[in-house]
Amino acid sequence: MRLPRFKEVRGVLAEASRQMLEKPLYSAAISAFGAGVRVAGVRNHKAGLLAKGQKEIWNRLKEGIDTKARYIWVHAASLGEFEQGRPLIEKIKRERPEYKILLTFFSPSGYEVRKNYAEADCVCYLPLDTPGRVNRFLDMVRPEMAIFVKYEFWRNYLHALWQRQIPTYLISAVFRPDQAFFKKRMAWYALWLKWYTHIFVQDERSRELLRKVNVENVDVFGDTRFDRVSDIRANGKRIPELEQFADSGNPWRQPVMMAGSSWPQDEAVYADWFNRHPDVKLVIAPHEFDEARLTELKSRFRNGAVLMSEAKKDSTLMKDKQVLILDCFGLLSSAYAYCDVAYVGGGFGAGLHNINEAAVYDVPVIYGPNNAKFIEAREMAVSGGGLPISSKEDFEKIADTLLSADSAERKQKGIQAGNYIRSKLGATDKIFAKIFS
């Protein structure tokens, strides 16, 4: 019998020590984060909303939770993850009405927009992930099931749910080799994944990565966002001002490009081309805006720009204007229906926004290079409907072709984009069937 070597023994002891220290160190870091948020909230608006929301959690739960009801708890970090989880929430409400839904958010950008979401029976912020708060939360809610969306790995919540034997699921997840779970020096981190009852991933690569850390309770069921954008198209809002601006129904109308979730870095890519092509119309939905941002945006375009808020008051202001700026939230996903080509922003900055929202309308989609984390960006490019670019010159070359008056290539690529979306439908039904089987 071979005696273990000193290095092997040291490695085992070090790993055991890390696991013993993991919970208190992690919890201390979460507490420090909470204190930092409270301090930052004095001057930072978003931090202030989070600090205020954390204070209000227990009252909202006390008022909103029916102690006699059966709850499924769904957690989404922010608005994007909520849209990903929404098809499953609404299917549960339709087909399993015996359950009520508790919806939690971590980010103000999700909570503040969806705090009155009608399909959830109670909506609040997620209490910070410290043992005391976790146990208090679970004792109040008593969920029969927990569903986390895409990128949610809260150590104390996962462990407490596992200890209480509450079925816990991660849906529409994507894993990458550079994540901590797959680094040798952080092997303890992968143990968190074993506390999920089941993990539903978007692609085969994610399943293979999980297998390497001995996580086998995995299915490749795709991305529920495809189901969501299909629902949005079926129930799209009519936008009269956009109908008028785009001259919808006129076969001889000018082409229209929709720039969704646009950042200044994106406008630096496409603005000059439009200034040189006054015959092509542009609709811009800025990702964020205030008065200064809107003033600067209007000044970029020399062929005339008008705000949606102005057009609502007087539609004649759109006459002879090349650019319409949507200075309101909630219209983007329906606005893509009025365009011939879509440009989705974020790819020249922090990260690409939702290209599926555009492609579902059978239009080609242009997007920037920061898209490595998005499976759909790679796959849509392969399908022919997605057009990744790396520079202003790339955009202008594509625009010269796709935004010509009767571009056959534009129509072909639009069909390819729509077909790609349709080929990906069904993740919600698969996940629902597995959870409730």
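S172 is found in strand 5, in a model that is predicted. Strands here are DSSP runs of E with at least two residues, helices are runs of H or I with at least four, and both are numbered from the N terminus. The phi angle of S172 is near 50°, a positive value in a residue other than glycine. S172 counts as buried because its relative accessibility is 0% (buried means under 20% relative accessible area, exposed over 50%, partly exposed in between, with a 1.4 Å probe and protein chains only).

K150 also deserves a look: its phi is near 65°, again positive in a residue other than glycine. K150 sits in the loop between strand 4 and helix 6 (155-163), and with 7% relative accessibility K150 counts as buried.

Residue numbers start from 1 along each chain as its sequence is written. Since the model is predicted, local features need pLDDT of at least 70 and side-chain atom pairs count only at pLDDT 80 or more, while totals for chains, interfaces and linings use all residues; side-chain values use heavy atoms, with hydrogens and water left out.

The protein has a mean pLDDT of 91, and 95% of its residues reach 70 or more (pLDDT is the predictor's confidence in each residue, from 0 to 100). Over residues 1-17, however, the pLDDT is below 50, and this stretch has four contacts in the model beyond near neighbours in sequence (a contact means heavy atoms within 4.5 Å).

## Helix 19 and its covered face

Which residues of helix 19 are buried? In this helix, which spans residues 427-435, they are A427, T428, I431, F432 and I435. Viewed down the axis of helix 19, these buried residues fall within an arc of 125°, so they line one face of the helix; the arc is that of the directions from the helix axis to the C-beta atoms. As a reminder, an α-helix has 3.6 residues a turn, so residues three or four places apart point the same way. The cover over the buried residues of helix 19 includes helix 3 (79-95), strand 4 (145-149), strand 5 (168-173), strand 6 (198-201) and helix 9 (225-234).

K434 has its place in helix 19 too, but K434 is partly exposed, with a relative accessible area of 38%. Leaving aside residues up to four places away in sequence, K434 touches H198, F200, D219 and F221. K434 and H198 lie 236 residues apart in sequence, and their C-alpha atoms are 9.4 Å apart in space.

## Loops and a helical glycine

F181 belongs to the loop between strand 5 and helix 7 (187-190), and F181 is buried at a relative accessible area of 3%. Its contacts, not counting residues up to four places away in sequence, are F153, F175, Y189, A190, L193 and V213. From F181 to L191 there are ten residues in sequence and 8.3 Å from C-alpha to C-alpha.

D314 lies in the loop between helix 13 (308-313) and strand 11 (323-325) and counts as partly exposed at 32% relative accessibility. D314 and E241 are 73 residues apart in sequence, with 9.8 Å between their C-alpha atoms. G53 is found in helix 2 (residues 45-64), where its 4% relative accessibility makes G53 buried. Between G53 and V382 there are 329 residues in sequence and 43 Å in space, C-alpha to C-alpha.

## A cavity and a pocket

On a 1 Å grid over the protein atoms alone, a cavity is a set of points where a 1.4 Å probe fits but cannot get out, a pocket is an open set with protein on both sides within 12 Å along at least five of seven lines, and lining residues have an atom within 4 Å of a point. Grid points are joined across faces, edges and corners, and a volume is the space filled by probe spheres set on the points. There is one cavity of 30 Å³ or more. The largest cavity has a volume of about 30 Å³, and its lining consists of E83, R225, R228, V229, I232, N354 and E357. Helix 9 supplies the largest share of this lining, four residues. By class, the lining of the largest cavity has two nonpolar, one polar and four charged residues (Ala, Val, Leu, Ile, Met, Phe, Trp, Tyr, Cys and Pro count as nonpolar, Asp, Glu, Lys and Arg as charged, and the others, Gly among them, as polar).

The second largest pocket holds about 450 Å³ of space. Of the 21 residues that line this pocket, R253, D340, A405, R410 and K411 are the closest to its centre. The lining of the second largest pocket has eleven nonpolar, four polar and six charged residues.
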